[in-house]
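Reader: I have a structure open beside its sequence and would like to talk it through. Could we go step by step, please?

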Amino acid sequence: METQHAKEILKHIEKYNEIVITMHINPDGDAIGSSLGLASFLQEVLHKSVCIYNESTFPTWLSFLKLPCAYYTNVQEIPFKNPLIITLDAGELKRFGEELITYIQDKKTICIDHHLGNTFFATEYTWADPSMSATGEMIGHIVFAYQEKTLESVAKALYVALSCDTGNFTFGNTNARCINMLAKLVATPIAIAPLREAMDNNWTQQKLHFWGKLFSEVRFSLDNKFAACLVPLSYFNEYGVTKEDLEGFVEQMRKVKNVRMTLLMREDIKENRPIVKVSMRSSGDDDVRSILMNFGGGGHKNAAGATLEGGLENNYQKIYSYVKQVL
């Protein structure tokens, strides 16, 4: 089935010389890896003119990945007149930001996504498959549907995508199909050790102290089955860190014995209004997506997120009331 989807998408891509790749705002490792892997493939193998757009800046923790093309944060700077837009790693148009929603109104679109709840907004083709371990795995199927071997730059980016969304191949979404894709990428060949070094060993002293503070403030409840951490906006200036320095923290709380569900809440400001960015993780049958759907969020059964209006403590109590019903 994945080969059929991949071939159909390649047919649509063949019709266009100019392509814009975009992914959800505040992109994670899967979104970035998928975008860079696809961009490298389209540009170097299919010889398309390609650019990447996201209203969020490129994550510094992934700066070891080489950008194969221009990366724009202002939609007005995109130089193409009537490109094909390929949206990655999100199934709702709002996840890509307000500027992009306006930009693509009169353009052809393809959506490639592995989340539940895809709204099928794309005009040309939608490949939505929640059984896929990562959007990067889906891009891999497109790449290998075209040819048996790929470029090192493509393989490196897609390895990062798969690794990030599977917890370095330890989460429940790590299945035989995912491992087969990993084997194809490694056979390119790519060297995993320096990639892991770049991904894992890039902390600053400020981040170390920041995480120390957060670990000391983790709340445990419901017989230690639930762990939560609330991060005030003031902490970022106090410790000299950015929101990127929170990457991975919500997973760390799950390492505590007996913890089944974790919650990370980050305070922020949008258009002079207080908001809270929420990330939840769980194990097994505990469904965090169903919890955050009550707040307009989404994602996967064991990994979900949402953006809420208001302050930290008030929103924590609202979410906690649903957590108690599950745990």
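**Helices, sheet and buried residues**

Author: Happy to, and let's start with a pair of helices in this predicted model. The axes of helix α4 (residues 135-146) and helix α6 (residues 176-186) come within 10 Å and cross at roughly 55°.

Reader: Is α4 parallel, perpendicular or oblique to α6?

Author: Angles under 35 degrees count as roughly parallel, and 65 to 115 as roughly perpendicular. The crossing is at roughly 55°. That makes α4, relative to α6, oblique.

Reader: Is the crossing of α4 and α6 left-handed or right-handed?

Author: The residues in contact are Glu-137, Gly-140, His-141 and Phe-144 from α4, together with Arg-177, Cys-178, Met-181, Lys-184 and Leu-185 from α6. Sorted by class, the contact of α4 with α6 has four nonpolar, two polar and three charged residues. As for the hand of the crossing of α4 and α6, it is left-handed.

Reader: Now the open sheet: which are its edge strands?

Author: Six strands make up this open sheet, with parallel pairing, in the order β3-β2-β1-β4-β5-β6. From one strand to the next, the twist averages 20°. An edge strand here pairs on one side only, and the two are β3 (70-72) and β6 (125-128).

Reader: What angle does the direction of helix α2 make with that of β1?

Author: Two helices are worth a look here. Helix α1 (residues 2-14) lies across β1 (18-23), β4 (84-88), β5 (109-113) and β6, and runs at about 150° to β6. Helix α2 (residues 29-45) also packs on the sheet, where it touches β1, β2 and β4. The direction of α2 makes an angle with that of β1 of about 170°.

Reader: Which residues of β5 point the other way from Thr-109, Cys-111 and Asp-113?

Author: In a regular strand the side chains alternate between the two faces of the sheet. β5 is mostly covered, with five of its five residues buried. Thr-109, Cys-111 and Asp-113 point one way, and those pointing the other way are Ile-110 and Ile-112.

Reader: What is the relative accessible area of Ile-110?

Author: Ile-110 lies in strand β5. Beyond its sequence neighbours up to four places away, Ile-110 touches residues including Ile-9, His-12, Leu-84, Thr-87 and Tyr-125. Ile-110 is buried, and its relative accessible area is 0%.

Reader: Is Thr-87 buried or exposed?

Author: Thr-87 is found in strand β4. Neighbours within four places in sequence aside, Thr-87 is in contact with Thr-22, Phe-96, Ile-110, Cys-111, Ile-112 and Phe-121. With a relative accessible area of 0%, Thr-87 is buried.

Reader: And Asp-286, why does it count as buried?

Author: Asp-286 has its place in the loop between β10 (273-282) and α11 (288-292). Apart from residues up to four places away in sequence, Asp-286 touches Arg-260, Met-261, Lys-301, Asn-302, Val-326 and Leu-327. Buried means under 20% relative accessible area. Asp-286 counts as buried because its relative accessibility is 9%.

Technical notes:
Residues are numbered from 1 along each chain as its sequence is written. This is a predicted model: local features need pLDDT of at least 70, side-chain atom pairs count only at pLDDT 80 or more; totals for chains, interfaces and linings use all residues. Side-chain values use heavy atoms; hydrogens and water are left out. Axes are lines fitted to C-alpha atoms, for helices over the stretch in contact, and angles run from 0 to 180 degrees between N-to-C directions. Helices (H or I, at least four residues) and strands (E, at least two) are DSSP runs, numbered from the N terminus. Angles under 35 degrees count as roughly parallel, over 145 as roughly antiparallel, 65 to 115 as roughly perpendicular and the rest as oblique. A crossing is left-handed if the near helix is turned anticlockwise from the far one by less than a right angle, and right-handed if clockwise. Contact means heavy atoms within 4.5 Å. Ala, Val, Leu, Ile, Met, Phe, Trp, Tyr, Cys and Pro count as nonpolar, Asp, Glu, Lys and Arg as charged, and the others, Gly among them, as polar. Two strands pair if DSSP finds at least two bridges between them. Buried means under 20% relative accessible area, exposed over 50%, partly exposed in between (1.4 Å probe, protein chains only).
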